[in-house]
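Dear colleague,

I am handing over the structure we spoke about, together with some notes on its side-chain contacts. Please look through it with the notes beside you.

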Amino acid sequence: MTAPIDSAVFSTHDQRWMRRALKVAEQACTLSNPNPRVGCVLVRDGHWLAEGSTQKVGGRHAEAQALHEAERQEISVAGATAYVTLEPCSHRGRTPPCTEALIRAGIRRVVVGLRDPNPQVAGRGLAVLRAAGLQVEAGLFAEDTLAQNPGFCARMVRGTPWVRVKTAASLDGRTALPDGRSQWITGEAARADGHAWRARACVVLTGLGTVLADDPRLDVRDVPAQRQPVRAVLDSHLAISEHARLIDGRPVWIFSAQADPEKIARLAGRQARVVRMPADGGGLDLGAVLRWLGAHEVNEVHVEAGARLTGALVAGGYVDEWVAYVAPSVLGAGRGLVALTQPVTRLEEAPAYEFLGAAALGRDMRLHLRHAGHWQALRRACRV
């Protein structure tokens with residue numbers, strides 16, 4: 001999806017190179033969290049010079065990486081144009097400001113996709129560059145950059161991560177047989193695709209019911225992974241087994257309203273952190289969980305859970321995105337996809353999602369949806 005542009009400002013050459021920068025930014029999709037996924041392409045007189053994407057946290061940002069590649073190849077970038085998908089940072093965080101690096105390198109012009117919604121930047125990067133005499137234009141394919149970074153932008157704007165739910169069901173909406181067996185409703189291609197979505201996330205979240213029923217690992221296995229997301233479990237009463245496959249010595253977050261100091265200590269010894277959360281009815285306060293995740297630099301949460309937790313997230317208005325795999329089978333009796341806490345009595349009250357696309361994956365289909373209202377709110381907040 002390419003957002004409209006102002007053709008009076010951006011030339012066909014600008015469009016070409018920003019599309020290249022967006023493609024370069026994809027290299028950071030499974031690597032840069034919690035930093036945004038950014039691409040930078042350096043061009044002079046219509047000729048490509050160098051490019052770079054955001055590296056692992058603590059490493060170079062996209063602009064610094066592109067400049068580093070140019071320097072490594074002994075290419076001067078003086079007088080060049082930098083096409084950057086997100087506004088260059090102007091503050092010193094884990095790395096020096098990218099604005100300083102661009103100015104020092106002699107860049108003449110900077111074309112930016114999206115203004116950075118981070119309050120520490122928020123237009124200051126553009127202002128710094130302009131004050132140094134650089135020609136700066138912003139807004140080229142801004143929505144595409146936002147679509148690459150919904151989690152980072154959501155966290156900056158509303159303080160909570162972008163929540164994506166993944167489901168796999170039969171044609172008649174069954175996720176398992178009546179006895180709970182679900183392996184495998186979908187085929188290998190759909191399962192590998194699901195792992196690719198896991199790899200993009202900061203956290204893969206499930207509920208205790210799924211842990212008890214399936215004993216999942218919830219890690220990324222079927223696709224190459226530059227890093228593993230943190231696994232997280234909502235477990236109101238801290239009933240998780242210490243022998244669950246999730247408890248494997250890698251980081252796990254367990255959200256619970258229950259205090260059991262001895263069990264908590266044993267779990268901590270195996271890299272499973274118990275995070276106390278307030279209860280809400282028969283479960284946990286989901287809003288509090290998401291606010292905690294946002295405060296701990298979590299951009300995207302990928303949910304793979306049962307009907308009850310999925311339904312609670314939908315009913316609470318927390319689901320931003322949906323990846324739904326549909327198998328060409330009919331199970332009849334079986335477990336449902338979503339259990340809403342309150343029935344929908346009027347069609348206009350149903351949560352509104354919009355289709356982004358569909359794809360055939362082997363014998364299965366993947367439907368990709370987004371919450372229309374959440375997306376429009378994010379667009380407005382990011383001035384798209």
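This is a predicted model: local features need pLDDT of at least 70, side-chain atom pairs count only at pLDDT 80 or more; totals for chains, interfaces and linings use all residues.

A search of the whole structure finds 21 salt bridges, and I describe a few of them here. In one of these, the side chains of Arg-158 and Asp-320 meet with N and O 2.6 Å apart. As for accessibility, Arg-158 is partly exposed at 36% relative accessibility, whereas Asp-320, at 1%, counts as buried.

A further group of charged residues deserves a look of its own: Arg-217, Asp-219, Arg-221, Arg-231, Asp-248 and Arg-250 are linked in a network of salt bridges. Within this group, Arg-221 pairs with Asp-219, their closest N and O atoms being 2.4 Å apart; Arg-221 is partly exposed, with a relative accessible area of 38%, and Asp-219 is buried, with 2%. Asp-248 forms a salt bridge with Arg-231, for which the closest N and O atoms are 2.8 Å apart. Because Asp-248 lies in the loop between strand E9 (230–234) and strand E10 (252–256) and Arg-231 in strand E9, the pair ties together parts that are 17 residues apart in sequence. Here Asp-248 is partly exposed at 32% relative accessibility, and Arg-231 is buried, with a relative accessible area of 1%.

Turning to the aromatic residues, the structure holds four aromatic pairs. The ring centres of Trp-253 and Trp-292 are 5.1 Å apart and the planes stand at 85°, so this pair is edge-to-face. It links distant parts of the chain, with Trp-253 in strand E10 and Trp-292 in helix H10 (residues 286–295), 39 residues apart, and both Trp-253 and Trp-292 are buried. The rings of Trp-322 and Tyr-353 have their centres 5.7 Å apart and their planes at 85°, so they too are edge-to-face; Trp-322 is in strand E15 and Tyr-353 in strand E17 (residues 353–361), 31 residues apart. Of these two, Trp-322 is buried at 11% relative accessibility, while Tyr-353 is partly exposed at 23%. Trp-253 and Trp-292 also form one aromatic cluster with Phe-255.

Lastly, the charged end of Arg-16 sits over the ring of Trp-17, 4.2 Å from its centre, and that of Arg-370 sits over the ring of Trp-375, 3.9 Å from its centre.

How values were computed
Residues are numbered from 1 along each chain as its sequence is written. Side-chain values use heavy atoms; hydrogens and water are left out. A salt bridge is a side-chain nitrogen of Lys or Arg within 4 Å of a carboxyl oxygen of Asp or Glu. Buried means under 20% relative accessible area, exposed over 50%, partly exposed in between (1.4 Å probe, protein chains only). Helices (H or I, at least four residues) and strands (E, at least two) are DSSP runs, numbered from the N terminus. Rings of Phe, Tyr and Trp (its six-membered ring) pair if their centres lie within 6.5 Å; planes under 30 degrees apart count as stacked, over 60 as edge-to-face and the rest as tilted. A charge sits over a ring if NZ of Lys or CZ of Arg is within 6 Å of the ring centre and within 35 degrees of the ring normal.
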